[in-house]
Amino acid sequence: MVQYNFKKITVVPTAKDFVDIILSRTQRQTPTVVHKGYAITRLRQFYMRKVKFTQQNFHDKLSTIIDDFPRLDDIHPFYGDLLNVLYDKDHYKLALGQINTARNLIAKVGKDYIRLIKYGDSLYRCKTLKVAALGRMCTIMKRIGPSLAYLEQVRQHMARLPSIDPNTRTILICGYPNVGKSSFINNITRADVDVQPYAFTTKSLFVGHTDYKYLRYQVIDTPGILDHPLEDRNTIEMLSITALAHLKAAVLFFLDVSGSCGYTIAQQAALFHSIKPLFANKPLIVVCNKIDLQPLEGLPEDDANLIAEMKAEAAKTMVGQYGKPGEDDGVLLSMSALKEEGVNAVKNVACERLLEQRVEIKMKSKKINDCLNRIHVAMPKARDGKERLPCIPQAVLVAKAQAAAAKESRKLEKDLEDENGGAGVYSASLKKRYLLADESWKEDVIPEILDGHNVADFIDSDIMQRLEELEREEGLRMAADGDDDDEMDEASLTPEEKEALAAIRKKKRMLVEEHRIKKSTADSRPLVPRKFDKDRQFTTNRMGRHLSNLGLDPSAAIERARTRSVSRRGRKRERSSAVEENPDAMDIDQPNKKPRMLSRSRSRSRPPGEVTPGEGFKDSSQKLKAVKLGKKAAKKRNKDARKGEGDRVILNMKPKHLFSGKRSIGKTDRR
């Protein structure tokens, strides 16, 4: 169970943001309207409330910051030393002390100015005292700006620290850089520690978790340690030293026997002996890694002797721990993290050693006596040499036999799939488990319902047969009629019928031509480009000569060309020739205007009450009544300037709570 969760520490704002937050809250949550005509007691109360409110907000905010940050004297020594290594204990305490001092100073300022406002004799005097009080509070906050910025950086870094429980079962991995510590923790846990072929890839503590005998173990990967005095070690190395000094864990000292890490076995042995005091009262295991590059049997004699000395030191630790000579088989282990050879064996031995040590410590504690008094293990003894078999009722045996037979006889879908061609060939039936009155109904097709009717009721089972009969009958009729076209046999017609047929065909052609002429518009007529006949070669005289040579009368064509040559673009609408038809109409002098064509005359206007087909009105009176009701309904909406269905403008709807004045009476929670 993790006791320390630094992710819940509240955010520390900057000094400027701190002042803005408090003053904005004071402005929003205290009254803002005051007049010089108020009684002096009311004026004093108004400004005293503002000073009290501001001072209380500063006090609450600063108290939250002080309480959320851990106190180094009250937390576990591991976290105390870890924070000292990372953030400098003196600087950390000094920053929190400045926050506490600022809180006390603001409280004193608020108290002093409330006493002064209590004796203010005018609105101006009370207001100036209030401004001075808030100004001094803001000045105090600006002075502690660097401390606030430092605490915010500390908070962000502490939130990224791994969650380490100092009291749980822990396995600690240490050794020189680049000896395979991170590869080992990646193999036995779900941790994802970066592994690179150079030193000091791991720069902080990494935590993973593994299981052994249904118990959860915490595995910590520490940065590499170099062999030099404690004073010369940097922050990264001090993280490992802090973990070794304060955590009750099984220590795995990794040794690179191949020398590929850049350090010889002699240097690694020297580091082992220099940090040997940190291994006291801890299960210690020396792990020889990278045996795939250099087996232990092929080591030089000097290196083998150094490893033997390390093994002897680890064995002494075991003897000192348990008070009796222990087996040194589990003290020196070999493995290869790259090929995962012996990884699980190292993990199991470490977990077993740690479990034995924790059990022994608990057995030696005073609490075990209270537990043993409440525990009694009964060990039955045989009263004679007679063998007594267990008595199982016959009904239970029969039920077990039936259950076993049913289990053996039942075939699973996997078995049916293997028997019927395998995956991709066999298709499981989803209907065979249906509970129906008749088993034969299971594979029936589910009916399709359309508009409350079963589609299957309207399907004729003999539809294909009937279609073939219809096709056969149609073929016989076509054979009897001969050709299937609609053309008449003109040879069998009389001369009168032939003349009538020719007249009908001529009339039909004329109607088609007239329709094509009417259908053609200005957009669909072929346009002659503006550059055509630039030299004026194609004249009406030339066209007349050409038509005369063909034996045609050119007069009509020439007249039509002359009338069409006048451009109609920009011409106004002309009055209809209906004036000539009405002799009683007023005479109007129009010498220069020609009567407009009847086809282009203006359409006749209709009165508003006339009913046209398709409007849905019975007569003109009903239409006039509907129009009147529509105008009456729109009149009130137009007066109120309400939006109607014809509006296309989306107005800017301004929210009332942002643009309305401050209320003098009532709650302001909604704001």
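These legends accompany several close-up views of the structure above.

This is a predicted model, in which local features need pLDDT of at least 70, side-chain atom pairs count only at pLDDT 80 or more, and totals for chains, interfaces and linings use all residues. Residues are numbered from 1 along each chain as its sequence is written, and side-chain values use heavy atoms, with hydrogens and water left out.

**View A. The open sheet has six strands.** Its order is β2-β3-β1-β4-β5-β6, with mixed pairing. At the edges are β2 (206-212) and β6 (332-334), each pairing on one side only. On average, neighbouring strands are turned by 25° against each other, direction ignored. Strands are DSSP runs of E with at least two residues, helices are runs of H or I with at least four, and both are numbered from the N terminus. Two strands pair if DSSP finds at least two bridges between them.

**View B. Strands β4 and β5 run side by side in the parallel sense.** Six bridges join β4 (residues 250-256) to β5 (residues 284-289). Look for Val 251, which stands opposite Leu 284 in β5.

**View C. Arg 115 and Asp 112 form a salt bridge.** Their closest N and O atoms are 3.5 Å apart; a salt bridge here is a side-chain nitrogen of Lys or Arg within 4 Å of a carboxyl oxygen of Asp or Glu. Both residues lie in helix α4 (residues 89-117), three residues apart, about one turn of the helix. Arg 115 is partly exposed, with a relative accessible area of 42%, and Asp 112 is also partly exposed, at 26%. The cut-offs are under 20% for buried and over 50% for exposed, with partly exposed in between (1.4 Å probe, protein chains only).

**View D. Lys 432 and Glu 413 meet in a salt bridge.** The N to O distance is 2.4 Å. Lys 432 sits in the loop between α14 (413-419) and β7 (449-450), while Glu 413 belongs to helix α14, so the pair ties together parts that are 19 residues apart in sequence.

**View E. Lys 442 and Glu 439 form a salt bridge.** Here the closest N and O atoms are 2.8 Å apart. Lys 442 counts as buried at 13% relative accessibility, whereas Glu 439 counts as exposed at 54%.

View F. Cys 138 is buried, at 11% relative accessibility, and Cys 391 is exposed, at 76%. A search of the whole structure finds zero disulfides, meaning pairs of cysteine sulfur atoms within 2.5 Å.

Notes: Axes are lines fitted to C-alpha atoms, for helices over the stretch in contact, and angles run from 0 to 180 degrees between N-to-C directions.
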